[in-house]
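Please look over the sequence and the three-dimensional structure shown here before reading the notes that follow.

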Amino acid sequence: MSDNSNAIESVLTETRKFPPPAEFTKHAMISSEQQYEEMWNRAKDDPAGFWGDIAQNELDWFQMYDSVMEGDMPETKWFTGGKINASYNCLDRHLLTWRKNKAAIIWEGEPGDTRTLTYQQLHHEVCKFASVLDKLGIEAGDRVTLYMPMVPELAIAMLACARVGATHSIIFGGFSADAIRDRNNDAQSKLVITADGGWRRGKEIPLKATVDDALADGKSPSVEKVVVVRRTGGDVSMEDGRDLWWHDLMEDAVADRECTHLDSEHPLFILYTSGSTGKPKGVLHTTAGYLLGTMMTSRWVFDFKDEDTYWCTADIGWITGHSYIVYGPLANGVTTMMYEGAPNWPDEGRFWDIVEKHKVNTFYTAPTAIRAFIKWGDNWPQQHDLSSLRLLGTVGEPINPEAWMWYHKTIGAEKCPIVDTWWQTETGGIMLSPLPGVTATKPGSCTKPLPGVVPAIVSEQGEPLEANQGGLLVMTQPWPHMLRTLYGDHDRFIETYFSKFDGKYYFAGDGARRDEDGYYWVMGRVDDVINVSGHRLSTMEVESALVSHESVAEAAVVGFPHDLKGEGICCFVIPKGEIATGDALEAAQKELIAHVRQQIGALATPDQIRFTAALPKTRSGKIMRRLLRDIAAGRESAGDTTTLEDYSVLASLRESDEG
């Protein structure tokens, strides 16, 4: 291997290149490489001038800031001295324009119910709930926990918190009572907003009962009140003096609640992300920098038009939903879609039915969802008119080139640019992405950094690496929408993100390479690298090799302890057809092993190919590779499994392992 023993082998090459359609470029907001280069270079060389001009022109301020940026990483502050409110910038200012009667949120519930809220109607509801928060004694700086289904009341509650200056902490509706308790206590939440339940695959998810468990016996002592949205109509227990119905509170609430004038660095929200060890990390984002970052990145990447119907399929419980369902689109005055439930209920055509029904123009989803679409078959999208689509996007993890090609051909009809975006909870917004009117895309690459993002690929020692050398992805300059701290634990913030390179760089935790064209290829978490006989291999590239075989629908690759190699390669494979048995099974395994060798080389030869009908995934669709590593190693699973969607998948994998 190379002299740098810490480098990640990156030998799966991708040569296909797709320029943006001329018609798209003609109408794009950023429409030339020169325009992009000028923006990027100015943001790099003069970040205060670049972001200061945008903030002054694009955001509405109650009081203009004194300084655009102060201090170096990791202690940078943005727009200090300014007074602003995110709710005002997402709602009130649009009421002064023709947008007041434009759809702000279009919502599809799982049982088939729909709601549309115009900007004026959304403003009305947000003001009323902000008045409710006042009556409940919630003040600027208080923390409020939201544990809700994907209903419009979730967005209303977020924006109402922002309006009064309460810092919201949204917990994804798949988390357990223990997870809610831990997050309540870490944030010292004063109020919990929840619902009786939500719908998923025709079943009621009992949210209020889970909150009751998290609060029982004084387990969340800081919580004073619980507000409950009636969604499913299921029976719930309401504790006198503590629990209140949303609809009762809203009935008499006034709708003229003005926005609180907040400092630019006022905490907008805390979002907990699981740590590999210890308690979850409370990532804290502040108001002005986060709002500006999500507003501009969404405009640049999704090339918003006033007539667009935009749909990000994430759950608001994750950062993608915060930034690209609520704050980014609404700050731009865009119509944003929300949906409740699962993509395959009542059938596998649900997403395409929504696209056709609402004439969706931009569709932003996860590679895990795309691989599920492939497995379900082309007949589902083919039954629907998807001609309204003009732009596709991916988020959450690197996308396999073959999944990218399917998305390009089957969903995009080879006419829609694909924006493959890389970013994190901690970065607040998109960092690396094609610009759809400018960037020639390569399947599997998130291409280039956005203006204001200055990345590098470095060795373990922090030395810059040459093109096509795999290394660690770092950020060398601060950006407005970066996290400010981990709530209540600033030392952990420094240790987690800045200690590896002595505060010089923000370390993302991902491995990546940059090719000869300056395109970035993110190869997944450094934790998802297998060290095979001294060769550090990206699991994503082995997975990409597997799914490029015509018989494979989806694959997940993990390492396991190996006496000779240190680590072996275990591949969990979902076939497109039935799982073979006997001699046919052995032949199928040998064929895939040979295919990976041919695609990558002998160093990536799988030690095990295990066929399975399903993979363990969270309710947001992410593969829980940690659990697969435990199965491959033959050990009991440790750690939190509360976000696992289907426990039977885990049991089935263990049974097949024991068999």
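## Terms and basis

Helices (H or I, at least four residues) and strands (E, at least two) are DSSP runs, numbered from the N terminus. This is a predicted model, in which local features need pLDDT of at least 70 and side-chain atom pairs count only at pLDDT 80 or more, while totals for chains, interfaces and linings use all residues. Residues are numbered from 1 along each chain as its sequence is written, and side-chain values use heavy atoms, with hydrogens and water left out.

## Helix α18

Helix α18 (residues 582-599) has 18 residues and reaches 26 Å from its first C-alpha to its last, close to the 26 Å expected at 1.5 Å a residue, the expected span being 1.5 Å times one less than the number of residues. Just after α18, Gly601 takes a positive phi of about 135°.

Within α18, Leu592, His595 and Val596 are buried (under 20% relative accessible area, with exposed over 50% and partly exposed in between, for a 1.4 Å probe and protein chains only). These three lie on the same side of α18 because they cover an arc of only 95° around the axis, taken from the directions from the helix axis to the C-beta atoms. On the other side of α18, Asp583, Lys590 and Gln598 are exposed.

## Strands β30 and β31

Strands β30 and β31 pair in the parallel sense over four bridges, where pairing requires that DSSP finds at least two bridges between two strands. Phe572 stands opposite Arg610 in β31.
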